[in-house]
Amino acid sequence: MNKNESKYFKSAEKMHVALMTLLDKKDFEIITIKEICETAGVNRSTFYLHYDNVNDLLTETVEAIYKDFFERFGKVEAEEVNIDAKSNDELFLVTPKYLMPYLEFVEENRRLFNLMYEKGEMMGAEKMYAAWFRDIFGPILTRFGVSEKEQPLIMIFYLKGIIGIITEWVKHDCAESKDEIIHVIRKCIIKP
């Protein structure tokens, strides 16, 4: 990467951070390009070098957030995604292996976590959950004999429950260890 490319990406990163900072204080609809530029410490011309409007910045910011999130789970090989080839034990996703990267991301990005759940639709969370349900959780629940009618309700129970526990953890400044939170989540889901 040459010096100009590095400068280009650093400017984009500054604007991502600026947008997230502003979203923490006000509604997206009233955030201006001027505010983003002032917060990021960049010129308007730099903004327009990267984006046509604030919606473009939001789209790229959300993509960057999700990319960072999924990178924490490591590279997933094609055979790992083949649900039919996995044993039932391998399909149980409420394990430290899956929960720890998620909790690490949340702990490092507490403000972002709150924004994603307060403004989930704007941040693309609903689309992400729909894709997870379609590609991962739905087929797993089918494998365990859960009817298609019951699957959305079970998913809501799991997602809202886990998110509720994590939201409380974040409200208390992540005072408990991640291992303690994993234990609580698993205790709520696994029969003793």
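Analyst: Let's start with burial: buried means under 20% relative accessible area, exposed means over 50%, and partly exposed is in between, using a 1.4 Å probe and protein chains only. Bear in mind that this is a predicted model, where local features need pLDDT of at least 70, side-chain atom pairs count only at pLDDT 80 or more, and totals for chains, interfaces and linings use all residues. Residues are numbered from 1 along each chain as its sequence is written, and side-chain values use heavy atoms, with hydrogens and water left out.

User: Fine. Which residues of α10 are exposed, and which are buried?

Analyst: D179, H183 and K187 are exposed. On the other side of α10, I181, I182, I185 and I189 are buried.

User: What makes the buried residues of α10 line one face of the helix?

Analyst: Looking down the axis of α10, the buried residues fall within an arc of 100°, so they line one face. The arc is that of the directions from the helix axis to the C-beta atoms.

User: Why is H50 called buried?

Analyst: H50 has a relative accessible area of 14%, and the cut-off is under 20%, so H50 is buried. H50 is found in helix α3, residues 44-50. Leaving aside neighbours within four places in sequence, H50 is in contact (heavy atoms within 4.5 Å) with Y8, S11, A12 and M15.

User: And why does D24 count as partly exposed?

Analyst: D24 is at 43% relative accessibility, which lies between the 20% and 50% limits, so D24 counts as partly exposed. D24 sits in the loop between α1 (3-23) and α2 (33-40). Its contacts, leaving aside neighbours within four places in sequence, are R111 and L115. D24 and L112 are 88 residues apart in sequence, with 8.4 Å between their C-alpha atoms.

User: Why are α6 and α10 called oblique to each other?

Analyst: They pack at an angle of about 125°, with axes 10 Å apart. Under 35 degrees would be roughly parallel, over 145 roughly antiparallel, 65 to 115 roughly perpendicular, and the rest is oblique; α6 and α10 are therefore oblique. The axes are lines fitted to C-alpha atoms, for helices over the stretch in contact, with angles from 0 to 180 degrees between N-to-C directions.

User: Which residues meet where α6 and α10 pack?

Analyst: On the α6 side, P96, L99, M100, L103, E104 and E107; on the α10 side, K178, D179, I181, I182, I185 and R186. The buried residues of α6 also pack against α4, α7 (110-118) and α9.

User: How many helices and strands are in the chain?

Analyst: Ten helices and zero strands. Of the 192 residues, 36% count as buried.

Technical notes:
Helices (H or I, at least four residues) and strands (E, at least two) are DSSP runs, numbered from the N terminus.
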